[in-house]
Amino acid sequence: MSIAIGDGDGGDDGNNDLYFREAGELITGNPSQKWPQNIEYLSGFGNHFSSEAIPGALPEGQNSPLACPFGLYAEQLSGTAFTTPRNLNKRSWLYRIRPSVTHEPFQPRKPRHENILSEFNPDNCSSTPNQLRWKPADFPESPTDFIDGLYTMCGAGSSFLRHGFAIHMYASNKSMENCAFCNADGDFLIVPQSGRLFITTECGRLQVSPGEIIVVPQGFRFSVGLPEGPSRGYVAEVFGSHFELPNLGLIGSNGLASPRDFCAPTAWYENDDHLGYTIVQKFGGDLFTAKQNFSPFNVVAWHGNYVPYKYDLSKFCPFNTVLFDHGDPSINTVLTAPTDKPGVALLDFVIFPPRWVAAEHTFCPPYYHRNCMSEFMGLIHGVYEAKAEGFFPGGATIHACMTPHGPDSKTYEATLEVQEEIKSSLLSGNLVAVWFEACAITGLAQESSESNFVDLRSKHCHIYLESTFCSSSYLSAHSWITTSMRAYPYK
Ligand SMILES: [Fe+2]
């Protein structure tokens, strides 16, 4: 039995709704017992969930009884400081067969993982204001699991100081076996671009396909399986903040990502001996390992509001301009990791989904601009509206703070040529681009700045934008552009 109680806003405001979801979600893929097709999820964002793999496994009326049901151990996992205000406080109680503390001491992992950063400074990364683009990375040829396939692209700040972020990518071809990963540095937001992930966590299991995302909060142990073989994608990590749903402001109470579309796992456990099981802990950017003789996925029941969750990006309800001009990309924010400064995100997760373009006499691709924020972009599938060529699924771009950027030459020219035809059109029906916007100036990890996949052609993508300025006659210089401009002379 699995129940979730809460109102989806992460707060304790007395407005508890009841979400009850017994029906599982049909999962296609490997039908084996290891990666089953049907997984049951709980619905809602920030809820105070309860889940039992065995009825009666959750203590009633208290969190830490003298003796827990079925001889389980009670263990709290805190995602915020104990005294964090109640509407932001995150914690869960896990009732497990053996407590997490039952392990041998942590040791530095050998060989050391050379490609992960959690502290960004001039000694370990470089910086450049140039526009940068990467081609999709190849899948590894030798057996490589999620941990070994992870590499840092860029970031800022420090996990030690609990402020900053990192953008990683991964390319793996092997499931994690007899080991679990734990990130003590921050939350992971994982965006598979190719290849389904089967992620086992202490709260239960989740299948995550390209087009979906998963957030694994700081401190949760998880293992990544590859039911369909190789997988690659993007990983955003935030230090000292957690992802939240953005405020909707004047949009109102509905739109963008709906709380009910977020899926948390249901309790699932294994009780077999696992001799030599390895916990790999990321701590200050370095990896440490500890051995134990049991699986960490031994939680029979849990309750709380600190949980892993996934979200299907196709459920995002986009808003846009309906007459003229171009909205700022923030309108497509799925999740935000806030700073203490109102309206300024440590890291925003934004998507560019399929959507109707209805604006008239408007240059509809993203406008040319310079941004006080730093932008990292990836592509799940489709063709991004501002890049007619050179930006492929699995690739990446970085536009640094105040670096000019915008549509490439071909996109600009093509947009003007077909202006009449795009008054109302469905933009790239299969497009899903993802975008991370950060308040800090990013440093480039050596792995990214010296990568073989740096696309040197990207520096030329704007170079052919020529002047069409004609001071003698506005319309004569632009008369070939669009009839809709003539129809609206006030523009
Ligand atoms: Fe931008």
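M377 stands opposite W435 in strand β32 (strands are DSSP runs of E, at least two residues, numbered from the N terminus). The model is predicted: local features need pLDDT of at least 70, side-chain atom pairs count only at pLDDT 80 or more, and totals for chains, interfaces and linings use all residues. Residues are numbered from 1 along each chain as its sequence is written.

**Sheet layout**
- Six strands form an open antiparallel sheet in the order β11-β30-β29-β32-β27-β26, where two strands pair if DSSP finds at least two bridges between them.
- β11 (132–134) and β26 (333–338) are the edge strands, each pairing on one side only.

**Strand β32**
- β32 covers residues 432–438, and seven of its seven residues are buried, so the strand is largely enclosed by the rest of the structure (buried: 20 or more other C-beta atoms within 10 Å of the residue's own, with C-beta atoms placed from the backbone).
- V432, V434, F436 and A438 point one way from β32, while A433, W435 and E437 point the other way.
- β29 (residues 374–381) pairs with β32 in the antiparallel sense over seven bridges.
- β27 pairs with β32 in the antiparallel sense over six bridges, and E437 is the bridge partner of D348.

- β26 pairs with β27 (residues 345–352) in the antiparallel sense over five bridges, with T333 opposite V350.
- L335 lies in β26 and counts as buried because it has 26 C-beta neighbours inside 10 Å.
- Leaving aside residues up to four places away in sequence, L335 touches F243, E244, L245 and F349 (contact: C-beta atoms, placed from the backbone, within 7 Å).
- A257 is 78 residues from L335 in sequence and 8.1 Å away in space, C-alpha to C-alpha.

Conventions
Helices (H or I, at least four residues) and strands (E, at least two) are DSSP runs, numbered from the N terminus. A residue is buried if 20 or more other C-beta atoms lie within 10 Å of its own, exposed if 12 or fewer, and partly exposed in between; C-beta atoms are placed from the backbone. Two residues are in contact if their C-beta atoms, placed from the backbone, lie within 7 Å.
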